[in-house]
Amino acid sequence: MTIGMRRFALVLPLAAGLAVTGALDATAAKCGNTSAGFNNWVQQMKQEAARKGFNQRTINETLGNVSYRTRTIRADRGQHSFKLTLDQFMAKRGANAIVSKGRRLKKQNQSLFASIERRYGVPPGPLLAIWGMETGFGGFMGNEDTVSAVATLAYDCRRSAFFTNELYALMDIIESKQLSRAQMRGAMHGELGHTQFLPSNYVRYAVDGDGNGSRDLVRSRADALASTANYLKAHGWRRGAGYQPGQPNFPVIQSWNAASVYQQAIAIIALKIDS
């Protein structure tokens with residue numbers, strides 16, 4: 001089920017977009033590059049969210065207790081690990097340990113991975129590589145207040161439009177009761193769960209992998225892994241095709257993360273797990 005996508009993924013034809021530009025500019029909350037205007041921005045965002053149709057309970061739960069996160073801004077400006085060579089990056093991320101544990105988990109969860117592969121066409125290796133790279137197989141999913149982190153980035157002028165979209169997606173998740181505000185603890189940029197979905201990807205691609213009627217990528221590894229496979233399938237994964245550089249599924253891995261070293265690491269680790 002796709003929840004509330006109309007509220008945070010508005011796409012207009014060019015002519016229509018030009019026609020309403022003035023109206024959007026007149027009501028949009030103003031971004032800033034210091035904490036000084038954050039509280040005023042939050043009040044403006046509450047009004048914008050109400051105009052988009054979110055109920056007052058959701059608005060209060062989401063924006064009623066947010067704070068400007070300086071360390072989120074620092075993290076956004078300083079992603080140094082992606083400047084390493086591939087060998088340095090693999091060593092820093094503990095690639096050998098990920099392969100070793102990934103093989104054990106593959107063996108221990110054969111029925112789960114077989115079910116996911118039947119449904120989505122994605123073998124265990126890429127899923128385990130992503131899971132291990134993102135959170136150490138759920139060992140550390142982040143401890144940031146996701147709403148405050150995303151709100152800070154939505155307020156920050158660098159990528160305000162992108163993260164405003166993510167903030168509305170968080171509201172959709174809360175309003176649909178997929179997760180509560182208290183359960184939204186994650187990484188610096190608002191990623192959630194075992195495989196670190198941004199909120200908009202959570203809304204678009206999260207599935208119920210364990211059959212309990214909910215889509216919980218934080219507490220259910222089955223939901224998280226099936227959702228990751230669903231993401232890859234939606235981005236063009238071809239059943240039975242290779243996923244190394246130059247092979248049909250490597251561009252799908254590239255869609256997961258923009259950093260070249262990250263893409264290559266996933267492919268290498270996945271192949272070792274699947275071998």
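In this predicted model, Asp216 is buried, with a relative accessible area of 5%. Its salt-bridge partner is Arg219, and the closest N and O atoms of the two are 2.5 Å apart. Arg219, at 60% relative accessibility, counts as exposed.

**Salt bridges**

- The count of salt bridges comes to ten.
- Arg71 and Glu144 form one through their side chains, with an N to O distance of 3.1 Å.
- Arg71 belongs to helix 4 (residues 70-77) and Glu144 to strand 1 (residues 144-145), so this pair ties together parts that are 73 residues apart in sequence.
- Glu144 is buried, with a relative accessible area of 8%, whereas Arg71 is partly exposed at 41% relative accessibility.
- Asp156 and Arg77 also meet in a salt bridge, at 3.1 Å from N to O.
- This second pair links distant parts of the chain, 79 residues apart: Asp156 sits in the loop between helix 9 and helix 10, and Arg77 in helix 4.
- Asp156 has a relative accessible area of 2% and is buried, while Arg77, with 44%, is partly exposed.

**Salt-bridge network**

- Arg219 and Asp216 form a salt bridge; elsewhere, salt bridges that share partners join Arg69, Arg71, Glu144, Asp145 and Arg181 into one network.

**Helix 9 and helix 10**

- The axes of helix 9 (residues 146-155) and helix 10 (residues 160-175) are 7 Å apart, and the helices pack at an angle of about 150°.
- Angles over 145 degrees count as roughly antiparallel, and helix 9 and helix 10 are therefore roughly antiparallel to each other.
- Their crossing is left-handed.
- From helix 9, Thr146, Val147, Val150, Ala151, Leu153 and Ala154 make the contact, and from helix 10, Ser160, Phe163, Thr164, Glu166, Leu167 and Leu170.
- By class, the residues of this contact are eight nonpolar, three polar and one charged.

**Helix 5 and helix 14**

- Helix 5 (residues 86-93) and helix 14 (residues 260-274) have axes that come within 10 Å and cross at roughly 65°.
- That angle makes helix 5 roughly perpendicular to helix 14.
- The crossing of helix 5 with helix 14 is right-handed.
- On the helix 5 side, Leu86, Phe89, Met90 and Arg93 take part; they meet Val261, Tyr262, Gln264, Ala265, Ile268 and Ile269 of helix 14.
- This contact has eight nonpolar residues, one polar and one charged.

Methods:
Residues are numbered from 1 along each chain as its sequence is written. This is a predicted model: local features need pLDDT of at least 70, side-chain atom pairs count only at pLDDT 80 or more; totals for chains, interfaces and linings use all residues. Side-chain values use heavy atoms; hydrogens and water are left out. Axes are lines fitted to C-alpha atoms, for helices over the stretch in contact, and angles run from 0 to 180 degrees between N-to-C directions. Helices (H or I, at least four residues) and strands (E, at least two) are DSSP runs, numbered from the N terminus. Angles under 35 degrees count as roughly parallel, over 145 as roughly antiparallel, 65 to 115 as roughly perpendicular and the rest as oblique. A crossing is left-handed if the near helix is turned anticlockwise from the far one by less than a right angle, and right-handed if clockwise. Contact means heavy atoms within 4.5 Å. Ala, Val, Leu, Ile, Met, Phe, Trp, Tyr, Cys and Pro count as nonpolar, Asp, Glu, Lys and Arg as charged, and the others, Gly among them, as polar. A salt bridge is a side-chain nitrogen of Lys or Arg within 4 Å of a carboxyl oxygen of Asp or Glu. Buried means under 20% relative accessible area, exposed over 50%, partly exposed in between (1.4 Å probe, protein chains only).
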